[in-house]
Every structure is written in structure tokens, then in C-alpha cells.
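The entries follow in the order in which I checked them.

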Amino acid sequence: MADEEIRISIDKLIEIVQAGGKIRTGVDVLNKQGRLILERDVLVADVGPLLRVKKFGVELISIVSGGNGGLWDETGQPVVVKTETVPAPKPAPVSEIDRRIYEIEGLRQAAAEKASLAKKSLRNALRQIQENGGKFDFEPIDDTVRELFDFVSQNETAFSYLTREIFSYDQYLYNHSLNVCVIGTVIMKKFNENFNAMVNNHLNNIPTSISAAAAKAVPQSFKYFQNDELQDISAGFFMHDMGKVLVEKSILNKKGRLSKSEFEVVKAHSTRNGIQILEKNHLINPYLCKISHYHHARLFEDEERCYPAETSPLDIPAYVKVCKLADIFDAMTSKRCYKEALNPVGVVADIFHKYAQKDTLLQFIIHAFVRAVGIYPSGSVVSLINGQLAYVLDSEGPALIAFTDVDGRPLTTKPDIVVLDKKAEEGGLKIDRRKAPMDPVQAHKILPAYLKTS
Ligand SMILES: [Fe+2]
Ligand SMILES: [Fe+2]
């Protein structure tokens, strides 16, 4: 008998298996990146593997009968189903502005879902570490980071959709780990782009090939990172503070300055605990280990309160320096129960002034950092110098829609887009840089209905 292929939605399959049925696909199920997520010969009798497939965004699964594939109900009888198609997407909005608002909303919602899954996987891993003497299952963390990596690769502004308003310490650690992972990943991508541009520029401007001496003069940390290395680095960012799970909460939560002995305990999260956990789980990948061990090391010779103290900044790889910057940026711009979030505009300026002039590699990283962080991401709300609040439709320009009058009252008619180019600035329309922009998550709460889709 010829093989017959039916395509069936993952939700329908979950329903069948939940009712006691079984499936065997008869073909390998791959995710969008071509990674195997369900093997053809596996008989699925519980929903776990199907939920995992769903998590990877697969909506329809092919089942090929005639080989060993098939679909059976709880009594073992074959289930007869018709081939399904993916449900039609919501109708696309018509105007260019609506299309952009729709896009921003989609991104905000997708980021919220990814963030929630990522935090859950970290919470599970940290609980396992506490309960199993340091052992945890790395696979869900690896899957999470790969998903985040793909998401960030497609949406470089994704970081601005992350929340920075956290009250409990546990929540802060999950959130901070996620934020450092996403911000750090975008910086690494910009670092690579800059590196590529620099090398191309160099090659285009000198007719002869680079001499051996010149090639040697390029510091080791100046390298282009391949995609699989970037993914490992992202996993390192996500897990950079795992060692904190072995530090007493009362010390981590202390509001005032730490005593000398307390500071020693905190330092151990990176200088000892992180590496111990990685080793216990045989995760000896150098990217994970170096990020965990050195993410509080000095970025320049005289920097204070850094550890391990004996480490020279020259021995710290670029990706570890990126982790430290993402860490500082997130910590300073996050709101905690005992402190307000700082204005990211000022934080970027402070980081720039502290680190940019120290050495070439650091300058290069800071350049990538400033490009990655971007100050006015799409979906955020800024204050204009005349007192109006404006929604950022596009950070290029930036293109804004002012939605209040100069006294902060909602406008009664739907306003037009304003591009804050030189001409607009000369006309007196400017962003008030003294006031912190509201990130897209916060901004969503105050937007008028015409600037959001839900
Ligand atoms: Fe840390
Ligand atoms: Fe950290």
C-alpha cells in the first residue's frame, strides 16, 4: 500500500493523546532551524513530547501511514482524520502606521511569552541545583537559550520589551539573567558586525595583504564569533549568575553596604560556585566557564571592587566584557524594592565615559553596546520638550506620534507622525533627554486604544 500523508494540527494530536490515544509520525519532525525535535519511530503515548514540539512553534505535523506511522485511539483503533491547514492569520491592517503598530504589538506579546518560558526554565534549573546537590538538567536551558537566540537574531530591539520592574529577589535573578542574555546577545551581534565592517574596511584600504607582524598585533580577543560560538556565549550570559543560588538570600537582599565578609560570600557566586555547578554537570565549555568565573573582573587596570582581583583585563575575552557591561546596564536600569530604576540615557552615558577611553578592544565593545542598547526603541514613549508625550513608531529618525497635548491631556483626534529630523528640531520639537523614556512594557499601559491592538 502506498504511504499516505496527512497533516494534522499539534493541538488535535495533543487532544488525541490526552484522551489515551497514541501516535507515531513515521517521519522526522524538525523545527524551523532544521533541528530534530521528534523522531519518526517514537511511539508517543503522553503529551510531553508534543508540548515540546508545540513550544518550538510547529503547528502542523505530517503523519505518514503505510510505513510504521499512524494514529490510534485509546482502544488501539486507527483514528480517521482529515488533513488540516494552518488557521488563517488575523487580517493584516491596512495603513502603514497600523501595520507598524501591529508589528510592535506582536513583538511585545512574543517577547512576553519567550520571557515567561525562559524564566520558568531557569527557575526549574536553580531548584534542581538546590535539591540535587548541584545537579540540573541542562537541556531545557539549552533549548530556551536557542529559542531566545533565534528570537533576538530576528528582532534586535527585543531587549527593550523585557521588564525591569522586579520586587522579589528570586524574580530579580530570573529576570536579570534573561535580560543579560538578551542584551549581551545583541551586543555580541553588533560586535561581530563592527568587526566585519572593520576587517572589510581594512582589506579595502590596503592593496597588499596583511603582514604576519600586523596580523600578530591584533589582540586575541579581537575575533569574529561563529554562530555556534555565539549560541554558547548566549547560554553563558543566561547562566552567568547561577552561582548565586548557593549564596544566602539575606546577604544578596541586603540593602546597605556589605561587610567585608559578606562581600567575600557574594564574590564566591562567580569565583567559586558557578564553576562548581558547571563542573558537577560536566559543562566544561570554555564560554560558559569563563563568563561564569570572570564576569565581575576588571575591564581596565585600576577598576575597583572587581573580582577575581588578580586577573588582568588583558586576559578577559571580549564576550566576558560584554557580559559585564550588560550586567551593569541591567542592574542600573532595573527597579527594585529598595531603589528606583535609573534613566537608561544617563546609564549609557556613564558607562561610555567610564569605559570607552581605556583600550581599543573596550572602545570597540562600548561602540557595539551603544548601538545595541539604542535609547528610543520602537514602542517606547518619550517626553517632548514642549510637555507632550509621544509614542516611538520607529527608532530611525525617530518617527513619533504625539498622543497628548502640552499639559499631558489625551488628544481628541488621531495625530499624525512627526519625524524628529533637523528641521523639526529647529522648529523647537525635541525629545526631553532629562526625562527617562518609558519602555514598551510600561508604555503599553498608558497608550490610547489607536496605538495598540489589544
Ligand atoms: Fe554576578
Ligand atoms: Fe549579574
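I began with Asp241, which is buried at a relative accessible area of 1%, where buried means under 20%, exposed over 50% and partly exposed in between, with a 1.4 Å probe and protein chains only. The model is predicted, and I kept to its limits: local features need pLDDT of at least 70, side-chain atom pairs count only at pLDDT 80 or more, and totals for chains, interfaces and linings use all residues. Residues are numbered from 1 along each chain as its sequence is written, chains are lettered from A and ligands numbered from 1 in the order in which they are written, and side-chain values use heavy atoms, with hydrogens and water left out.

I found the iron ion (ligand 1) coordinated by Asp241 (OD), His269 (NE2), His295 (NE2) and His296 (NE2) at 2.1 to 2.2 Å, donors being N, O and S atoms within 2.8 Å of the metal (3.2 Å for Na, K and Ca), and since water is not among the atoms, sites may look incomplete. I noted the donor spacing in sequence as D-x27-H-x25-H-H. His295, at 0% relative accessibility, also counts as buried.

Which residue bridges the two iron ions? I found that Asp241 does, with the ions 3.6 Å apart. His240 and Asp241 are both buried.

Entry on helix packing. Helix 9 (residues 260-280) and helix 10 pack at an angle of about 155° with their axes 7 Å apart; helices here are DSSP runs (H or I, at least four residues; strands are E, at least two), numbered from the N terminus, and axes are lines fitted to C-alpha atoms, for helices over the stretch in contact, with angles from 0 to 180 degrees between N-to-C directions. That angle makes helix 9 roughly antiparallel to helix 10, because angles over 145 degrees count as roughly antiparallel, under 35 as roughly parallel, 65 to 115 as roughly perpendicular and the rest as oblique. In contact (heavy atoms within 4.5 Å), I listed residues including Ser270 and Gly274 of helix 9 and Leu288 and Ser292 of helix 10.
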